[in-house]
Amino acid sequence: AKAAQVAACVRAGDSTRQALILAADTVVQAADGSILEKPDGEGDAARMLASLAGTTHAVHTGVSLVVLPAAVAAGDGGEEATTAPRATFVEFSETTAVTFAPLSAAEIDAYVATGEADGKAGAYGIQGAAGAWVSRLEGCYFNVVGLPLHAVGREVAALVAAGVLV
């Protein structure tokens, strides 16, 4: 939905050039199956982190790529109109398993007090201080940061190879 909204705005503006739109969203799935998005305050962040402590959880990122081809002229020699060819949509997801060491309530409270949990799925950023809690990671590190770079590069390369993106 995010990518489609941006595509509509781009198409309403300059449609004479090709555009590539990328949208991504990340959630954390705790060991009990609950989905953890961004915390709503410090208490929610502490609750999320306590549920992840000493367990393996999954980080899921959904990615949408939209290629908007350049509009083409369509006319009969008189006044020319332009038509926008159909957009190409590619959607995929990436999952990474992350294992946290056991955490004390004091460790969780100290982390939450830094503000680093704010606005982060699962209430942590692996690229910050919470990275020290990770005892095992299976999959793409960058997926946990919020954008699975290798998978995005693979999909963009496939669009180029197919002649969809130039």
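User: Which element gives the largest share of the lining of the largest pocket?
Analyst: This is a predicted model, in which local features need pLDDT of at least 70, side-chain atom pairs count only at pLDDT 80 or more, and totals for chains, interfaces and linings use all residues. Residues are numbered from 1 along each chain as its sequence is written, and side-chain values use heavy atoms, without hydrogens and water. The pocket (an open set of points on a 1 Å grid where a 1.4 Å probe fits, with protein on both sides within 12 Å along at least five of seven lines; lining atoms within 4 Å of a point) has 16 lining residues. The largest share, 4 residues, comes from S1.

User: Which residues lie nearest the centre of the largest pocket?
Analyst: Strand S1 (19-29) and helix H4 (141-145) are the elements that give two or more residues to the lining of this pocket (DSSP runs; helices of at least four residues, strands of at least two). Nearest its centre lie Thr26, Lys38, Gly119, Lys120 and Ala121.

User: Which residues do ring pairs link into a cluster?
Analyst: The count comes to 4 aromatic pairs. The cluster linked by ring pairs consists of Phe100, Tyr111, Tyr124 and Trp133.

Terms used:
Rings of Phe, Tyr and Trp (its six-membered ring) pair if their centres lie within 6.5 Å; planes under 30 degrees apart count as stacked, over 60 as edge-to-face and the rest as tilted.
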